[in-house]
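Got your viewer open and ready? Let's take a short walk through this one, selecting as we go.

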Amino acid sequence: MLDDARILVTGGCGFIGSNFILHLLERYPDCRVVNLDKLTYASNHANLRDVEGDPRYRFVQGDICDGELVDGLMAEVDVVFNFAAETHVDRSLMEAGSFILTDVLGTHVLLDSARRHPNVKRFVQVSTDEVYGEMSPGARAKESDPLHPRSPYAASKAGGDAQCNAFFETYGLPVIITRAANNIGPRQHIEKMVPLFVTSAMRDEPLPLYGDGRQVRDWLYVEDHCRALELIAREGEPGEVYNIGADNQEENIRLAKALLQLLEKPLSLIRFVEDRKGHDRRYAVDSSKLRALGWAPQHDFLSALERTVQWYQENRWWWEPIYAGPFRDYYQRQYGDRLASGVPYDPEGGTPQ
Ligand code: DAU
């Protein structure tokens with residue numbers, strides 16, 4: 001399926017997409033990859049600078065909502081991986097229109113083009129565990145669970161998933177949906193919690209921890225995610241959904257403490273700040289369906305975190321310019337008031353209610 005395939009990757013200049021393209025080109029010497037990316041604030045052309053001269057790789061700047069452009073590319077490929085998405089929950093609370101456009105309409109444009117191109121043998125929709133909504137303690141979402149998205153971001157991804165189901169049922173398009181847990185690793189935009197906290201600590205700036213910091217996320221190293229996607233494209237069943245999680249569930253506050261320890265920075269950098277609206281308390285997925293295909297994660301929580309921290313330590317050139325650009329305004333809007341009224345961590349005092 002992938003060995004000598006012509007592959008369209010959308011959103012390939014983003015965090016997971018760029019890691020996936022590097023993974024593909026390394027693992028499959030005879031594959032060819034076209035990367036369609038709009039180059040939004042969250043993507044970075046430098047993410048793929050190592051393969052720019054590789055004759056197997058081609059970059060096309062453009063929008064997945066552009067039907068004509070998409071049709072032209074779709075005619076040339078066997079497999080599609082759709083990573084292109086607006087992905088940050090906090091930004092979706094400020095403005096959700098761009099999420100609907102890219103995550104719902106953009107997915108629809110890709111699907112509609114793929115169904116008119118019988119050369120497309122697999123369409124992998126890279127989705128998220130957030131579509132299941134928050135999990136009660138001990139529960140883990142199964143693929144057959146009903147969707148209960150609670151943020152505008154999660155609702156837009158659920159809309160994309162629904163489009164995928166419709167195209168499988170109606171046209172028999174060989175679509176597979178994947179729903180992954182929280183990824184960490186190299187080249188993740190610093191708006192997300194782990195890179196924000198790592199780089200803030202390196203700058204001796206406070207770490208804005210939402211609410212009581214006891215929310216739980218299931219941490220997945222991006223390379224483990226890439227291996228899962230590769231396997232699912234090869235061995236997964238069209239029309240099916242596969243959860244991807246490494247069972248690395250951890251509270252945000254424990255994660256913040258662990259990364260400060262790795263960086264040898266004081267816990268006093270932690271600030272408890274006003275919570276995210278509608279903040280999902282806990283995510284966790286049951287990945288037994290994927291594990292039955294032969295996948296197992298190679299990174300536990302600490303090893304994933306250590307590698308991630310090390311990458312940001314070694315690649316200041318990559319993230320320092322982001323702090324000097326438009327991110328500054330976003331940071332001020334998102335954190336200015338919150339940090340001003342934040343409560344510093346007190347080892348004796350526990351967490352605020
Ligand atoms: O679960 C998969 C999802 O994981 C992906 O679909 C999303 O695209 C990705 O952004 C991520 O969503 P989260 O909302 O879980 O990630 P984020 O890094 O924004 O937040 C992780 C946790 O940290 C969450 O409980 C909110 C908290 N947080 C986040 C930020 C940015 C803070 O306490 N402070 C912060 O400044």
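Start with helices α2 and α4, whose crossing is right-handed (the near helix is turned clockwise from the far one by less than a right angle). Select residues 67-74 for α2 and 97-115 for α4: their axes come within 9 Å and cross at roughly 45°. That makes α2 oblique to α4, since angles under 35 degrees count as roughly parallel, over 145 as roughly antiparallel, 65 to 115 as roughly perpendicular and the rest as oblique. Axes here are lines fitted to C-alpha atoms, for helices over the stretch in contact, with angles from 0 to 180 degrees between N-to-C directions. Helices are DSSP runs of H or I with at least four residues, and strands are runs of E with at least two, numbered from the N terminus.

A quick note: this is a predicted model, where local features need pLDDT of at least 70, side-chain atom pairs count only at pLDDT 80 or more, and totals for chains, interfaces and linings use all residues. Residues are numbered from 1 along each chain as its sequence is written, and side-chain values use heavy atoms, leaving out hydrogens and water.

Now show side chains: Gly 67, Val 70, Asp 71 and Met 74 of α2 meet Val 109, Leu 110, Ser 113 and Ala 114 of α4 (contact means heavy atoms within 4.5 Å).

Next, pick the open three-strand sheet, ordered β7-β9-β11 with mixed pairing (strands pair if DSSP finds at least two bridges between them). β7 (182-184) and β11 (249-251) are the edges, each with a single partner strand, so one side of each has no neighbour in the sheet.

Zoom in on β9 (216-221): three bridges join it to antiparallel β11, and Val 216 has Glu 251 as its bridge partner there. Finally, select 252-263, helix α8, which lies across β9 and β11 at about 85° to β11.
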